[in-house]
Amino acid sequence: MALAGCSWLLLSATFLSTGAEVTVTPKPAQPAEGDNVTLAVHGLSGELLAYTWYAGPTLSLSYLVASYIVSTGDETPGPAHTGREAVRPDGSLDIQGVSARHSGTYILQTLNRQLQTEVGFGHLQVYEILAQPEVMTNSTALVERRDTLHLMCSSPGPAKVRWFFNGGALPIDIRLGLSPDGRVLTRHGVRREEAGAYQCEVSNPVSVSRSKPFNLTVYFGPERVAILQDSTARTGCTVKADFNTSLTLWCVSRSCPEAEYVWTFNGQTLKNGQDHLNISGMTAAREGTYTCIAKNPRTLLSGSASVVVKLSDNWKVRDSQPIHCWPGDEEASVNLSPSSGSSRHDNCACATQASGGPGRDPDCAGLPQGPAGLCLVPRASLRAQPAAQPTAVRELDRRPRAHGPGGGFCQLLAAGAEAEPHGRRPLHTQDRHTAGQD
């Protein structure tokens, strides 16, 4: 009953406060959850009879934590007591294992022998140990200049928020999209440069925690579509290849994800879904325009590049141009084609087909032999006409030679050239087969 009477006495004596400056400070000043805290009192004076603590903004009974009688050391808990508070003889208040709910304003009221009261105020802020935050987003992959990036840092409790991009500070232009509290990041028309790893970090005076990286993909392209030769050399508009050689064209572009490729030849789609196209056994039939079309399945955009493929100018004689001659006493067909056996491309191959079956022209015995039984005829043997007059193969004549057995060898005569008489007429004449000019 005495404690109750004292309590009421303190409440009724509130109006007799002298207004002396009494302060309350927590120790430690920035406690974390679970710490033991002491609300230390400073500025007490005179002989005191009792202390009364309140956990709230006013001296209301509902905020009463405990009353303490100095002479007896008796403590009476109030409605706001949590079971962790205890009043010291010097008037300080101990709180064991504080939690977030212990945060707030605390008031100490003292009573002296003259029944005068003094009041001191203090504030306690208990900081939580922050859990790892999480970056939440509307999408992990966006299309450049079309979609909006929206990131949110999710973390319970008050905390300071910082963002990181690829492990470093957030670029200033991206920081412009932050909300006032820093928890939301918005970017309209996201750019490819903004693709990467995003993290948010939350902190308070007692803990720091950073989220796992959130990887953002930004789709773009295709752009800068080009066709390269041999995967490294840029081709330009025209690619020239030697007869019967192989050529590989590579299609490259800047695209995310990797573009899908379609090849066309003179407007006709080829059955090739790769980034390269192999052209083997180059002939006149393979001359034309090759186009690569790059398509991005995410952006739904496409781009293309084209090159013209031609036979090299070194090859003056086209393949499959038959002429005829008489090697020895037998009639034979001679097919004139570029020789793949000459690295200098300065010879032509004279292939013979005797009337009795496949064979090698005996009149070529003194000439070097190319692949597949072809004999090589010096290009100088092709007698060219002036540029204004088209050159045509008329006949082959037997002429003396300085080496090898026999009486002659096959020589090509240009149209209008005079064949040396041998008492025989040409077996065949073909006037429209171009032999070329050096």
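## Two disulfides

Cys153 and Cys200 are both buried. Keep in mind as you look at them that this is a predicted model. These two cysteines are joined by a disulfide, with 2.1 Å from S to S. The link reaches across distant parts of the chain, since Cys153 sits in strand β12 and Cys200 in strand β16, 47 residues apart. Which hand does this disulfide have? It is right-handed, because the torsion about the S-S bond of Cys153 and Cys200 is about 70 degrees.

The structure holds 2 disulfides, and the other joins Cys251 to Cys292, with sulfur atoms 1.9 Å apart. This pair also links distant parts of the chain: Cys251 belongs to strand β21 (residues 247–256) and Cys292 to strand β25 (residues 288–295), 41 residues apart. The link of Cys251 and Cys292 is left-handed, with -90 degrees about the S-S bond. Both of these cysteines are buried. Counting the bonded cysteines of the protein in sequence order gives the pairing 1-2, 3-4.

Cys237 counts as exposed, at 64% relative accessibility, while Cys256 counts as partly exposed, at 21%. The cut-off for buried is under 20%.

## Salt bridges

Side chains of opposite charge can pair when their charged atoms come close. The structure holds 6 salt bridges. One of them brings together the side chains of Glu47 and Arg113, at 2.6 Å from N to O. Glu47 lies in the loop between β2 (37–42) and β3 (48–55), and Arg113 in the loop between β8 (104–112) and β9 (117–124), so this pair ties together parts that are 66 residues apart in sequence. Are these two residues buried or exposed? Glu47 counts as partly exposed, at 48% relative accessibility, and Arg113 is exposed, with a relative accessible area of 52%.

Another salt bridge joins Arg192 and Glu223, whose closest N and O atoms are 2.7 Å apart. Arg192 is in the loop between β15 and β16 (196–204) and Glu223 is in strand β18 (residues 214–229), so the pair ties together parts that are 31 residues apart in sequence. Glu223 counts as partly exposed, at 26% relative accessibility. The side chains of Glu201 and Arg210 also meet in a salt bridge, at 3.0 Å from N to O. Here Glu201 counts as buried, at 11% relative accessibility, whereas Arg210 counts as partly exposed, at 31%. Elsewhere, salt bridges that share partners join Glu144, Arg192 and Glu223 into one network.

## An open sheet

Now for the strands. An open sheet is formed by 5 strands in the order β20-β26-β25-β22-β23, and its pairing is mixed. Which strands are at the edges? They are β20 (238–241) and β23 (268–269), each of which pairs on one side only.

## Strands β12 and β15

Strand β12 (residues 149–154), which holds Cys153, is joined to β15 by 4 bridges, and these strands run antiparallel. The bridge partner of Leu151 is Leu185 in β15.

Strand β15 (residues 184–187) has two faces to compare. Leu185 and Arg187 make up the covered face, while Val184 and Thr186 make up the uncovered one.

Note on methods:
Residues are numbered from 1 along each chain as its sequence is written. This is a predicted model: local features need pLDDT of at least 70, side-chain atom pairs count only at pLDDT 80 or more; totals for chains, interfaces and linings use all residues. Side-chain values use heavy atoms; hydrogens and water are left out. Two strands pair if DSSP finds at least two bridges between them. Buried means under 20% relative accessible area, exposed over 50%, partly exposed in between (1.4 Å probe, protein chains only). A salt bridge is a side-chain nitrogen of Lys or Arg within 4 Å of a carboxyl oxygen of Asp or Glu. A disulfide is a pair of cysteine sulfur atoms within 2.5 Å.
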